Amino acid sequence: MSEAKYAGFLPGAHVIEGYGAGGFRFGGMSHRGAILALPSGIYAWSAIDPSGITIEALGPVFDEKPGLIEHLLIGTGREMVPISAALRQRLRAAGIRAEPMQTGAAARTYSILLGEKRRVAAALLAAP
């Protein structure tokens, strides 16, 4: 994956150090807005609410090398919102198990699983 293809790129896997107030802290820096935390790095993500969690918006997830992601934690904001059947099916076809949950829970779980060396990624909507 070309880092120039996606804006707001920080290479490498990083734990989420904090979240809230519309953003996240990771890698000793902060970012306002949604993020994708992938094996290749952390990227700014254009989704702003659950309706923006689409196959197209998760393109960077599908661009990762096959097998690097087993679980995708999807932080849907303050409330847990189910993902579409089409998205769940597309992720399953890629060998990825989708787990939607509140953003705070997703950020905490991502950091724990990353620390356990699990094949995990996260798509996290910013929560106000």
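Visitor: Before we start, what should I know about the numbering and the model?
Guide: Residues are numbered from 1 along each chain as its sequence is written. The model is predicted, so to speak plainly: local features need pLDDT of at least 70, side-chain atom pairs count only at pLDDT 80 or more, totals for chains, interfaces and linings use all residues, and side-chain values use heavy atoms, with hydrogens and water left out.

Visitor: What is the strand order in the open sheet of three strands?
Guide: Strands here are DSSP runs of E, at least two residues long, numbered from the N terminus, while helices are runs of H or I with at least four residues. Two strands pair if DSSP finds at least two bridges between them. The pairing in this sheet is antiparallel, and the order is β2-β3-β4.

Visitor: Which are the edge strands?
Guide: Look for strands that pair on one side only. Those are β2 (16-20) and β4 (29-32).

Visitor: At about what angle does helix α3 run to β2?
Guide: Axes are lines fitted to C-alpha atoms, for helices over the stretch in contact (heavy atoms within 4.5 Å). Angles run from 0 to 180 degrees between N-to-C directions. Helix α3, residues 103-115, lies across β2 and β3, and its angle to β2 is about 180 degrees.

Visitor: How many residues of strand β9 are buried?
Guide: Buried means under 20% relative accessible area, exposed over 50%, and partly exposed in between, using a 1.4 Å probe and protein chains only. V120, A122 and L124 point one way from β9, A121 and A123 point the other way, and all are buried. For the strand, residues 120-124, that makes five of five.

Visitor: Which residue in β9 is the bridge partner of H71?
Guide: Strand β7 (residues 71-75) runs parallel to β9, and five bridges pair them. Strand β5 (residues 34-38) is antiparallel to β9 instead, with three bridges, and A37 has A122 as its partner there. For H71, the partner is V120.

Visitor: Is R97 buried or exposed?
Guide: R97 is found in strand β8, residues 97-101. Leaving out residues up to four places away in sequence, R97 touches E70, H71 and L72. Its relative accessible area is 51%, so R97 counts as exposed.
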